[in-house]
Each structure stands twice: as C-alpha cells, then as structure tokens.
Amino acid sequence: RPPQEEIGDDPVKFAERAKSDSHCPTGPNGGSLGFVVRAKLCEQFDEVVFNEGPGAVYGPVTTPAGLHLIFVHSCRDPTKKA
C-alpha cells in the first residue's frame with residue numbers, strides 16, 4: 001500500500017512516517033518545515049503549499065531532491081498579526 005494511503009490526512013501518522021522513513025533533515029522533527037513563506041522552498045513545494053487546502057497530505061511530489069509527501073497543517077496571511 002502506498003504511504004499516502006496509510007497516512008491518509010492524519011498529522012500524527014504523517015509525523016511518525018517522516019520520523020521512520022524520511023531522508024530529509026526534517027525527518028527527526030516529524031517532517032515539519034515550520035512556518036514557510038512563498039519562494040523560500042522549491043517550486044514544487046510552493047505549488048502545493050500555497051495552492052492546496054490545509055489539513056491534508058499531498059503527493060508524492062517530485063523535486064530535484066527526490067519524492068516527498070507534503071502535509072499542509074495550516075495557512076495564515078503573513079501580513080496579519082496571528
């Protein structure tokens with residue numbers, strides 16, 4: 001079964017899978033990139049992060065660094081106070 005089917009849109013399962021299987025430096029932190037702004041990530045990540053809704057897993061997304069699943073946790077307008 002593909003990882004995205006096992007994870008579904010569950011943030012806990014996503015973090016567990018990132019910790020166990022990710023080769024990315026964010027893996028030990030559950031795959032979290034923290035708060036990101038447009039154009040600070042690769043184009044493929046920007047396409048997902050800034051065009052898709054929060055609370056879901058997207059992918060696999062192919063980048064020069066490999067294959068990725070992306071969980072968009074939440075979104076906010078960076079021009080407004082949190």
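Pro60 is found in strand 1, which covers residues 56–63, where helices (H or I, at least four residues) and strands (E, at least two) are DSSP runs numbered from the N terminus. The peptide bond that leads from Gly59 to Pro60 is cis, with omega near 10°. The structure is a predicted model, in which local features need pLDDT of at least 70 and side-chain atom pairs count only at pLDDT 80 or more, whereas totals for chains, interfaces and linings use all residues. Residues are numbered from 1 along each chain as its sequence is written, and side-chain values use heavy atoms, with hydrogens and water left out.

The protein chain as a whole contains 3 helices and 2 strands, and these elements follow the pattern α-α-α-β-β when read along the sequence. The radius of gyration of the protein chain is 13 Å, close to the 12 Å that the globule rule gives for 82 residues, so the chain is as compact as a globular protein of that length; this radius is taken over C-alpha atoms, and the rule is 2.2 Å times the number of residues to the power 0.38. Along its principal axes, the C-alpha trace spans about 40 × 25 × 20 Å. Of the 82 residues, 24% count as buried, a class defined by a relative accessible area under 20%, with exposed meaning over 50% and partly exposed in between (1.4 Å probe, protein chains only). Among the contacts in the protein chain with a separation of 6 or more, 23% are accounted for by residues 24 or more positions apart, contact meaning heavy atoms within 4.5 Å.

The protein chain exposes about 5,800 Å², of which carbon and sulfur atoms supply 53%; accessible areas come from the Shrake-Rupley method with a 1.4 Å probe, and for residues only the protein chains shown count as cover. There are 9 positive and 11 negative side chains, and the centres of the two sets lie 9 Å apart. In this count Lys and Arg are positive and Asp and Glu negative, while His and the chain ends are not counted, and the place of a charge is taken as NZ of Lys, CZ of Arg, CG of Asp or CD of Glu.

Within helix 3 (residues 43–49) lies Val48, which counts as buried at 11% relative accessibility. When residues up to four places away in sequence are not counted, Val48 touches Tyr58, Val61, Ile70 and Val72. Val48 and Tyr58 are 10 residues apart in sequence, and their C-alpha atoms are 7.3 Å apart in space.

Ala39, in the loop between helix 2 (11–21) and helix 3, has a phi near 75°, a positive value in a residue other than glycine. The relative accessibility of Ala39 is 61%, so this residue counts as exposed.

The structure holds 0 disulfides, a disulfide being a pair of cysteine sulfur atoms within 2.5 Å. The sulfur of Cys24 is 10 Å from the closest cysteine sulfur, in Cys42, which is too far for a bond, and Cys24 is partly exposed, with a relative accessible area of 31%. For Cys75 the closest cysteine sulfur is also in Cys42, at 17 Å, again too far for a bond, and Cys75 counts as partly exposed at 48% relative accessibility.

Thr79 is placed in the segment after strand 2 (66–72) and, at 69% relative accessibility, counts as exposed. Thr79 and Cys24 are 55 residues apart in sequence and 29 Å apart in space, C-alpha to C-alpha.
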